Amino acid sequence: MLAVLLALATGGDTVALKDSLAVALKDSLAVAGYWQQQVAYVISAALDEPSAVLTGHVRIAYVNRSPDTLHDFFVHQYLNAFRPGSRWAAADSAEGRVRFQHLADPDYAFERITRATVMGQAIAPDYPYAPDSTVAHVTLPRPLAPGDSMTVEIEWRARLSTVPRRQGRAGRRFDFAQWYPKVVVYDRHGWEDHPLYPAGEFYGEFASYDVTLDLPADQVIGATGVPVEGDPGWERARADTSLRVDYQRGYYAPRPTSDAPGRGALGVGCGAVQVAAGRKCVRFDAEQVHHFAFSLNPRYVYEQGRYGDVVVRVLYLPGDSATWGRGLALGRTITALAWLDSLYGTFAWPQLTNLHRIDRGSTEFPMMVMDASAGQGLILHEVGHNYTMGMLANNEWREAFLDEGFTDFQTGWFAEAHGRGSPYPELEARVLFLDLERWSEPVSMVSERYRDFETYGQMVYAKAQLFYEQLRYVVGDAAMRRILRTYYARWKLKHVDESAFRAVCEEVSKQDLGWLFGQWLHATPLIDYRLRRVERRRLADGQWLTAVTIERRGDGWMPVEIGDRDTIYARATGQPEVERVEFASAREPGRLMLDPRGRAHDYDMLNNRERRPGVGRGAWEFRIDDPTRETARRDRLVRAWMPVGWYNDAGGVTLGLRERSNYLGAYDRGLLFGTVATRPAATGRFGGYLRFADPIGHLTLRTQTSVAAWAIEGRAGAAFSIDRSLRRHLASRADPHVGFDALWMATTNLTYLDRRLWDDAGTLEAGPWVATALARGAAVVRLRLGARGGLVYSNPGIGVVTSTRYDVEGFGRLTGEASVRAPFWLGTTLGVRLFGAGYAGRSIPVRQRRIPIAGADPYETFTNPLLRSRGALFVRPDVQYHAPGNANLRGFRSNLAGRWAVAVNIELTRSVFRREAGILREVAVEAFADGGVVDSLAVPASAPGRWYTTLYDGGVGLVVRPRVRDLGWTMRLEVPFVVNRWDRAADFRPGEGKLALRWQFSLEPSF
């Protein structure tokens, strides 16, 4: 029966049938107990360019090589993912992406079956995942027993989408992928009928393909397989007209052809196609592949080369000459093949085509990669997929780590082997952040089950790559190379899974690796070791015997190396909670450290060193601070020092030393100031400020905590802050936070205080806050609400008789604001901010806790030495600096404040210069208007007895956004020429009125 059906599928040539069957089965029997279904496609299709619709017919010969009797049959219609109503479109909508869900005819893709026969019987398919139609199902007219076969014939129409993703069209360019009814895999799990989602890709049966295409005559085609009939357009497209094109027409055994025009789709080859004027027929053959893809572009330029027996073809656009042409992409593709050959073994297919596709990024197919650029790393990644996914054919949606992470691993190994640096440090640090913040999910998850697409990508690419790096660390480089070659030799041109790969790893390495696969693929443990004790003893023969006691503090484990600055002495298993390792050495080891190469993924390496007198386990790097860049180390606490200086009237020139410290750039963050005032008459000359945040030894999920204390420039105090992120997705558009702040602030030396802003008083206060930011495209919405309550105590002053030194009373303070910035007319950006705040207490609030109308309050500016004290640089009478905040009526004086304020701020900005590099990144012009109603304590009402005052200002300005390396900031130069209460204007001069030329500047955005 099989011979008859396959003979029909190949046009009746039984010799060709036997050869084809032998090729298809030669590797299927190499692994005991392994089987895979046998599939042969004969496809005939014609493209109508004006409508972009392809009409096709496929005859599928299907042999059941499983041990099961089949009662159903499924095909994928993947193009139906790229349209409204699909599960892909629904996932995009759920995560805030807009691609296919709103496309209208004729922009969306489709694949429609117009007629189908199964076992000779006409059948209409049903769609089990409706309204998604990427999987079509039929019930077989009769059961298909093991070893039995059947023929399925389908006629269909298909169209690519104008939004490219894994396929697409643009003008006369067409990237055809997943374009035909594709047989669903039946494997040991059963039918793998699975809709297509953004996360996760494809899974196909190995098959032979005989594809005949009726196309416009000037189209140039790149495709899976080899052209056995017709002109693919390469001669005309050659960059080098002297190049002899190697078509490889004789690579496969000859297939029968039909010389009977008019037989249409039931015929075989170009002889069965009635080619109209201005059109051509091209026929391709491919064996032992699980997909056939092709790309059309009449403007393609063709280059060709060879690696061993593999012909390498490159197709690019005329404008790509500098980046793809002159052998660049060709040479890089050959380099990739040579590297992969050295890792795995000989490429199993006759040719490889690398072409410039429509979409950004890249996609891999058997014998072909569609790339958006010709960088060596991208080409290595995609050509690597011809091994891991192509010839080692994993289920991409069930176990994506077996191809994405695998090819990222080999790409990184190439860079390391060719002197371009190891990607491991950056990769390990990135994954560590995901682990510590508990964004990581098991690498082995089914793709669409990750919480979002961003997490899927980080797990199956980055963390999966790190898994292979850790496997390489555990077994060693030599064993890793043997693993890859054995894996490929045994499993090429078959379906693979985790168990197949693990069995090879364990066989070659002679290790039980279940713990490694379990932790790295099926769990998300944290790993931490502490070096508890070191004992040294000199032996009689002069050698040193050293015993190291290691404590495992995390819930995961890895083998841990033990070494000093330049030598690795031993490796602990890392598994026991407490492990003692002894080793002998010719010399006394230096200061010992666990994991000196940083390969164990130990999240806290600050406790990995041997104790030493005076420093304990201290692992520090001291350096001169660079304010434009914060240096972080994986294995040390970075402590960066910098001299600082500023001026105020009480202390004169104040000199100091600042230290910034961090671990991993996010933990054990410290800020330390020590200062001395140089004015001879100054009191309270010495000052200090200390803040410490986010200790690595006390991890709290997505929470930042800090404590601070100070005694500096007439003020003393302490603060505690906690900030908990409530983000539910790694790439969420919303970023909600909740927090709690507690603060004590006391005045200790009045000579430093600007008495317009400070009373001789202190507060002890605390309270919660909530905030969120929401991005929708280029629009950003921000909300914040905070409440504090506590005690205020003040010195009542000379001549007031009280039983205690201070008057004490309770108070409360509530603030709220909401703002939005969004694109507006004519390329402008509109910003609107609403603010409201109030103070509750029996007495008039002390100045430092009133609600300011112009900007930040004294507590908010306290940490800035240029704003903190009387006579500081930015608060001098001749300097008009705006520190934004509160009611933000920027045209008014900073010392105006009362019990309450309600305000609105409006800005309209228009960028006149913008770039992504250099120091000056953007220059914009702005127009602004601020208005509010405030307590008459802040500004007396113009009408006697009124309890409120109405204020407004307006003007224009220039906004500049510079950036020096990691340090970026906003500079504003503004002219608030309208101030309704001009006598309260920040830049007031006698004789001026509501309209006047005033100026101010700021180093911060207005809101």
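Here is a walk through this structure, from the whole chain down to single residues.

Keep in mind from the start that this is a predicted model. Let's begin with the big picture. The protein chain has 1007 residues, and 56% of them count as buried. If you follow the C-alpha trace along its principal axes, you get spans of about 120 × 90 × 55 Å. What is the chain built from? You'll find 13 helices and 50 strands in it. How far apart in sequence are the residues that touch? Take the contacts between residues at least 6 apart in sequence: 66% of these join residues at least 24 apart.

Now let's zoom in on some helices. Two packed helices are described by the angle between their axes and the distance between the axes. As for handedness, α5 passes α6 in a right-handed crossing. Which residues make the contact? On the α5 side they are A329, R332, T333, T335, A336, L337, W339 and L340, and on the α6 side Q376, I379, L380, V383 and G384. Sorted by class, that contact of α5 with α6 has eight nonpolar residues, four polar ones and one charged one.

While you're looking at this pair, here's a handy bit of background. An α-helix has 3.6 residues a turn, so residues three or four places apart point the same way. With that in mind, look again at the α6 side of the contact, where I379, L380, V383 and G384 are among the residues taking part.

Helix α7 (residues 404–417) packs with helix α10 (residues 477–491) at an angle of about 135 degrees, and their axes are 14 Å apart. That makes α7 oblique to α10. Is the crossing left-handed or right-handed? For α7 and α10 it is left-handed. The α7 residues in the contact are F406, F409 and W413, while α10 brings D477, M480, R481, L484 and Y487. By class, you get six nonpolar and two charged residues in the contact of α7 with α10, and no polar ones.

One more helix is worth a stop: α12, residues 514–522. Which of its residues are buried? They are L516, F517, Q519, W520 and L521. What covers the buried residues of α12 includes α9 (453–475) and α11 (498–509). There's also a buried cysteine to find, C505, with a relative accessible area of 0%.

Speaking of cysteines, let's move on to a covalent link. A disulfide is a covalent bond between the sulfur atoms of two cysteines. How many does the structure hold? It holds one. The partners are C270 and C281, with their sulfur atoms 2.2 Å apart. The torsion about their S-S bond is about -90 degrees, so the disulfide is left-handed. C270 sits in the loop between α4 (234–237) and β16 (279–289), and C281 in strand β16 itself, so the pair ties together parts that are 11 residues apart in sequence. Both C270 and C281 are buried.

Finally, have a look at some backbone details in the loops. Where do cis peptide bonds turn up? One joins D105 and P106, with omega about 15 degrees, and P106 is in the loop between α3 (87–94) and β4 (110–118). Another joins A130 and P131, with omega about 10 degrees, and P131 is in the loop between β5 (121–122) and β6 (135–144).

A52 has a phi near 65 degrees and lies in the loop between β1 (38–48) and β2 (53–63). R326 has a positive phi too, of about 55 degrees, and you'll find R326 in the loop between β19 (310–316) and α5. Are these two buried or exposed? A52 is buried, with a relative accessible area of 5%, whereas R326 counts as exposed at 66% relative accessibility.

Methods
Residues numbered from 1 in each chain as written. Predicted model: local features only at pLDDT ≥ 70, side-chain atom pairs only at ≥ 80, totals over all residues. Heavy atoms only, no water. Left-handed = near helix turned anticlockwise from the far one by under 90°. Helix = DSSP H or I, 4+ residues; strand = E, 2+ residues; numbered from the N terminus. Contact = heavy atoms within 4.5 Å. Nonpolar A, V, L, I, M, F, W, Y, C, P; charged D, E, K, R; others polar. Disulfide = S-S within 2.5 Å. Buried < 20%, exposed > 50% of the residue type's maximum accessible area, 1.4 Å probe, protein only. Axes fitted to C-alpha atoms, helices over the stretch in contact; angles between N-to-C directions. Parallel < 35°, antiparallel > 145°, perpendicular 65-115°, else oblique.
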